[in-house]
Amino acid sequence: RSGVAVRVEAWRSQRCGQKGRGVQITMAELNLANIQKAQDIAKQTMLELNHEITVGMSERDIIVLAQKKMVDKGSDEWWYHGLPGLVLLGKHSAVSVGSKDINHTDEYRVAENDIITIDIAPTYHKGWGDYARTLFMENGRMCLLDQPEDPKHKEGLEAELHIHRYMVEHCDPDMTYEAVFEVLGAEIQKLGFRNLDFKGNL
């Protein structure tokens, strides 16, 4: 069915530049557009959260705020087991959990110097968005996205960015998932870090 053309009148001006003329697009194009929209919702939500999180907010406060923002931007459901996302604070951010164990409460709250892990999962007309970031609160103020000043925060973030670059440079489409896992796992250990995923995934 991906090759079946559908008529989308809402896109007529944007796609053909002539008002009043319909446009033929494929189902694949439509799905990609929805995925891109979902990802835009996730990205914009994360940027706003980075500006609006304050000391004292709980994991529950943050996920409720994130959900409202995503709904306001057009997200119509949540693809990750019906959950809008995941928020982990402080020591809790070093804990890896599955969906059945996610329980956002008021127990953990943002401290003046803290690490905030957020992973959000909006859906837009069946298109999935997936966006995760580690945010940093330092001396009571949120750092700019990916720009912490604390040396330990910098070290951790740079290790993560290095792994991303390393994957691009050393992995290719012909590699199996197992091969990619082994390559990146070895590089993580080489940097002196541990993979904390509860299933050992990367």
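What follows is a dialogue on a predicted model and on the terms used to describe it.

Trainee: Why is the pair of W79 and Y80 called edge-to-face?

Mentor: Ring centres within 6.5 Å make a pair, and planes over 60 degrees apart make it edge-to-face. The centres of W79 and Y80 are 5.8 Å apart and their planes stand at 80°, so both conditions hold and the pair is edge-to-face.

Trainee: What makes the pair of W79 and W128 stacked?

Mentor: Stacked requires planes under 30 degrees apart. For W79 and W128 the angle between the planes is 10°, and the centre-to-centre distance is 4.7 Å. The pair therefore counts as stacked.

Trainee: Which parts of the chain does this pair link?

Mentor: W79 is in the loop between β3 (77–78) and β4 (85–89), and W128 is in strand β7 (residues 127–128). The two are 49 residues apart, and the pair links distant parts of the chain. Ring pairs join W79, Y80 and W128 into a cluster.

Trainee: Why are W79 and Y80 called partly exposed?

Mentor: Buried means under 20% relative accessible area and exposed means over 50%, with partly exposed in between. W79 is at 25%, so W79 counts as partly exposed. Y80 has a relative accessible area of 26%, so Y80 is partly exposed.

Trainee: What phi does K126 have, and where is K126 found?

Mentor: K126 has a positive phi of about 75° although it is not a glycine. K126 is found in the loop between β6 (122–124) and β7. At a relative accessible area of 67%, K126 is exposed. Its C-alpha atom is separated by 7.2 Å from that of N34, 92 residues apart along the chain.

Trainee: Why is K69 called buried?

Mentor: The cut-off is under 20%, and K69 has a relative accessible area of 10%, so K69 is buried. K69 lies in helix α3 (residues 59–72).

Trainee: Which residues does K69 touch, not counting those up to four places away in sequence?

Mentor: K69 touches T45, E48, L49 and E52. One of these, L49, is 20 residues from K69 in sequence and 9.0 Å away in space, C-alpha to C-alpha.

Trainee: At what angle do α4 and α5 pack, and which hand has their crossing?

Mentor: Helix α4 (residues 151–170) and helix α5 (residues 177–190) pack at an angle of about 140°, with axes 10 Å apart. Their crossing is right-handed.

Trainee: Which residues meet there?

Mentor: From α4 come H162, I163, Y166, M167 and H170, and from α5 come V183, L184, E187 and I188. By class, the contact has six nonpolar, two polar and one charged residues.

Trainee: Is A159 buried or exposed, and why?

Mentor: A159 is at 12% relative accessibility, and under 20% is buried, so A159 counts as buried. A159 is found in helix α4.

Trainee: What lies in contact with A159, leaving out residues up to four places away in sequence?

Mentor: A159 touches L191 and F193. A159 and I188 are 29 residues apart in sequence, with 8.0 Å between their C-alpha atoms.

Terms used. Residues are numbered from 1 along each chain as its sequence is written. This is a predicted model: local features need pLDDT of at least 70, side-chain atom pairs count only at pLDDT 80 or more; totals for chains, interfaces and linings use all residues. Side-chain values use heavy atoms; hydrogens and water are left out. Rings of Phe, Tyr and Trp (its six-membered ring) pair if their centres lie within 6.5 Å; planes under 30 degrees apart count as stacked, over 60 as edge-to-face and the rest as tilted. Buried means under 20% relative accessible area, exposed over 50%, partly exposed in between (1.4 Å probe, protein chains only). Helices (H or I, at least four residues) and strands (E, at least two) are DSSP runs, numbered from the N terminus. Axes are lines fitted to C-alpha atoms, for helices over the stretch in contact, and angles run from 0 to 180 degrees between N-to-C directions. A crossing is left-handed if the near helix is turned anticlockwise from the far one by less than a right angle, and right-handed if clockwise. Contact means heavy atoms within 4.5 Å. Ala, Val, Leu, Ile, Met, Phe, Trp, Tyr, Cys and Pro count as nonpolar, Asp, Glu, Lys and Arg as charged, and the others, Gly among them, as polar.
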